[in-house]
Amino acid sequence: MPQNNEILNVTELMSGKDGRLFVTVGGQTYFLAEINQYSVTMDVATTDYQPVGSIMNYGIATGVTFNLTYTEAVVRDDVTLAPMLEAINNGYVPTYDFQGVVTRMDGTEERITFNNAVPNGTVGLQSLTPGEIITREQSYRLNSIPKLIQSMASNYLRAF
């Protein structure tokens, strides 16, 4: 018979409604309530290495990149888009600092900073389809390793 600490307690599960994304622009932090989805990914670059006498090719990690993407309903452009276009008009690409937060039902939070983010790839300005909500896609490359500033642990599952 499994012990209580080996059974998933579903009250610790979270969904997208339990998360928030914040951005800091010009020293002011804004909750991006208009975002309906975001993700931050880490891509690990590897190179192959096959030593003499081995049939095995090994993957050797050579570096990592981090990317933040989100889709927002267009309700304002003064937080990220206007400063971005103004900076580009002045000859440079701006950087942003983001912070992602997820909060469990018991109030426990996971909080991660995503700093030194620069626009990356295609950045949505306007895309309209009749009958649909106007949205804008944003993509950023993180030039700092994300920092876990508040972590969470399970109250029921053992770590090791």
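In this predicted model, strand E6 (residues 109-119) pairs with E7 in the antiparallel sense over 3 bridges. Within this pairing, alanine 117 stands opposite leucine 142 in E7. Strand E7 covers residues 135-142 and has a further antiparallel partner in strand E4 (residues 58-73). The pairing of E4 and E7 extends over 8 bridges. One of the facing pairs places glutamate 72 opposite arginine 136 in E7.

Glutamate 72 itself belongs to strand E4. Its relative accessibility is 3%, under the 20% limit, so glutamate 72 counts as buried. Neighbours within four places in sequence were set aside in listing its contacts. The remaining partners of glutamate 72 are Glu34, Ile35, Thr80, Ile134, Thr135, Arg136 and Gln138.

The hairpin of E5 and E6 has 5 residues between the strands. In this hairpin, glycine 107 takes a positive phi near 95°.

Threonine 113 lies in strand E6. With a relative accessibility of 12%, threonine 113 also falls under the 20% cut-off and therefore counts as buried. Apart from neighbours within four places in sequence, threonine 113 is in contact with Phe98, Gln99, Pro146, Lys147 and Ile149.

In E5, valine 101 is the bridge partner of arginine 20. Threonine 24 is placed in strand E1 (residues 19-25). Its relative accessible area is 27%, between the limits of 20% and 50%, so threonine 24 is partly exposed. Threonine 24 is in contact with Thr29, Tyr96 and Asp97 when neighbours within four places in sequence are left aside. Threonine 95 lies 71 residues from threonine 24 along the chain. The C-alpha atoms of threonine 24 and threonine 95 are separated by 9.7 Å.

Taken over the whole protein, the model contains 1 helix and 8 strands. Their order along the sequence is β-β-β-β-α-β-β-β-β. The radius of gyration is 20 Å, well over the 15 Å that the globule rule gives for 160 residues, so the protein is more spread out than a compact globule. The C-alpha trace spans about 60 × 50 × 35 Å along its principal axes. Of the 160 residues, 26% count as buried. Glutamate 72 and threonine 113 both count as buried. Contacts between residues at least 6 apart in sequence were also examined. Of these contacts, 63% join residues at least 24 apart.

The accessible surface of the protein comes to about 10800 Å². Carbon and sulfur atoms account for 53% of this surface. Charged side chains number 9 positive and 16 negative. The centres of the two sets lie 6 Å apart.

How values were computed. Residues numbered from 1 in each chain as written. Predicted model: local features only at pLDDT ≥ 70, side-chain atom pairs only at ≥ 80, totals over all residues. Heavy atoms only, no water. Pairing = 2+ DSSP bridges. Helix = DSSP H or I, 4+ residues; strand = E, 2+ residues; numbered from the N terminus. Buried < 20%, exposed > 50% of the residue type's maximum accessible area, 1.4 Å probe, protein only. Contact = heavy atoms within 4.5 Å. Rg over C-alpha atoms; globule rule 2.2 N^0.38 Å. Areas by Shrake-Rupley, 256 points an atom, 1.4 Å probe, with all protein chains shown as cover. Lys, Arg positive; Asp, Glu negative; His and termini not counted. Charge placed at Lys NZ, Arg CZ, Asp CG, Glu CD.
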